[in-house]
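Dear colleague,

Please find the structure below, with the sequence alongside. My notes on what turned up in it follow.

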Amino acid sequence: GLSAASGLPTFRGAGGMWRNYEVTMLATPKAFEEDPGLVWQFYSMRRHMALAAKPNVAHFALAELARRKGDDGGFRTLTQNVDGLSVRANHPPETIDYLHGHLFDVQCFSRSCDYKVQDFRDPIIPELAVPLARQSLARRAPGPEQDSNAEGELVYDENASLQPVPREAIPKCNNLLRPGVVWFGEMLDEDMLASIDRWIDGGVDLCIVIGTSGNVHPAAGYYAHEIRRSGGKVAIVDLDVSAGGWRGGKEAFDWVFEGDASKIVPELLRPLIGEITMTENGDAAEA
Ligand SMILES: [Zn+2]
């Protein structure tokens with residue numbers, strides 16, 4: 001939800017396809033073992049699209065709140081987004097937990113190895129360059145205002161053949177690098193979950209759930225429920241709370257804000273962080 005205003009699709013929905021592959025079949029350890037090059041091509045496309053998007057004012061607002069209130073666990077962000085937009089909004093890393101990892105962490109395929117680096121290159125190696133093509137203007141419906149000199153938009157070329165990806169093992173352990181996201185069938189990081197549990201046990205007086213749904217993302221529902229059960233207040237910001245499948249519906253929250261998270265979140269936080277304005281190149285500037 002936080003990244004919806006940045007124009008990023010999620011790929012998690014049922015029926016999500018990429019080049020005739022079901023996304024749910026590609027985002028698994030088994031798929032990587034069988035064809036790591038193919039899985040990397042899929043993630044190279046995801047990285048390219050995430051880099052084409054820009055953090056919006058809500059990402060910057062949460063990062064600013066973390067800078068002002070994040071010391072000693074005063075404020076913590078738990079995110080299920082893998083798009084790395086909070087990283088690019090300079091969200092202080094010690095105040096945010098990426099529950100599902102993110103696309104720009106690159107780590108060892110072996111679970112017993114802790115090799116992990118952050119890598120924002122696009123492409124990460126030349127063979128993973130995302131195939132792009134100009135959208136054919138001929139296929140578009142003609143309109144009276146159409147400029148005959150206009151070039152079609154650059155879009156992902158589903159028909160281009162993918163280059164073979166060389167197998168380059170990590171020298172120290174001889175394993176392959178994989179995207180640092182949590183795949184279907186994988187557990188979330190145990191140390192991270194234990195740290196979050198300790199933090200919640202320490203007492204949280206306010207939780208703001210931003211644009212997610214209780215059904216699809218159990219983590220958000222679980223933490224909101226735990227915080228409310230132990231006496232904290234819970235607010236939700238979402239386009240359509242009723243559609244979110246929350247147990248108890250709107251009654252599950254102390255406050256409900258329906259609308260675009262990129263507009264509501266900065267407004268809610270303004271008394272604490274002031275006005276966040278965006279420059280034309282997509283950076284945040286404090287007014
Ligand atoms: Zn390793």
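**A buried aspartate**

Asp83 sits in the loop that runs between β3 (77–79) and α5 (85–88). Please keep in mind throughout that this is a predicted model. Asp83 is buried, yet it has no salt bridge. The nearest side chain of opposite charge belongs to Arg88, and it is 7.2 Å away. What the side chain of Asp83 does reach is the backbone nitrogen of Leu85, at 2.9 Å. If neighbours within four places in sequence are left aside, the residues in contact with Asp83 are Ser3, Leu8, Ala50, Leu103 and Phe104.

**The zinc site**

Which residues coordinate the zinc ion? The donors are the SG atoms of Cys108, Cys113 and Cys173, at 2.1 to 2.3 Å. Their spacing in sequence is C-x4-C-x59-C. Cys108 and Cys173 link distant parts of the chain, being 65 residues apart. Cys108 belongs to strand β5 (residues 101–108), while Cys173 is in the loop between β8 (154–156) and β9 (177–181). Are these two cysteines buried or exposed? Cys108 has a relative accessibility of 3%, so it counts as buried. Cys173 counts as partly exposed because its relative accessibility is 24%, and the cut-off for buried is under 20%.

**Asp105**

Strand β5 also holds Asp105. Its relative accessibility is 12%, and Asp105 therefore counts as buried. Not counting residues up to four places away in sequence, Asp105 touches Lys116, Val117, Gln118, Arg178, Pro179 and Gly180.

**The nonpolar core**

The largest nonpolar core has 25 residues. Those that touch the most other members are Trp18, Val39, Trp40, Phe42, Tyr43, Leu103 and Trp183. At least two residues of this core come from each of α1 (23–26), α2 (29–34), α3 (36–52) and β5. Which element gives the most to the core? That is α3, with 7 residues.

Regards

Conventions:
Residues are numbered from 1 along each chain as its sequence is written. This is a predicted model: local features need pLDDT of at least 70, side-chain atom pairs count only at pLDDT 80 or more; totals for chains, interfaces and linings use all residues. Side-chain values use heavy atoms; hydrogens and water are left out. Helices (H or I, at least four residues) and strands (E, at least two) are DSSP runs, numbered from the N terminus. Buried means under 20% relative accessible area, exposed over 50%, partly exposed in between (1.4 Å probe, protein chains only). Lys and Arg count as positive and Asp and Glu as negative; His and the chain ends are not counted. A salt bridge is a side-chain nitrogen of Lys or Arg within 4 Å of a carboxyl oxygen of Asp or Glu. A polar contact is a pair of N or O atoms within 3.5 Å; within protein, one must be able to donate a hydrogen and the other to accept it, and residues adjacent in sequence count only if both atoms are side-chain atoms. Contact means heavy atoms within 4.5 Å. Donors are N, O and S atoms within 2.8 Å of the metal (3.2 Å for Na, K and Ca); water is not among the atoms, so sites may look incomplete. A nonpolar core is a set of buried Ala, Val, Leu, Ile, Met, Phe, Trp, Tyr and Cys residues joined through side-chain atoms within 4.5 Å.
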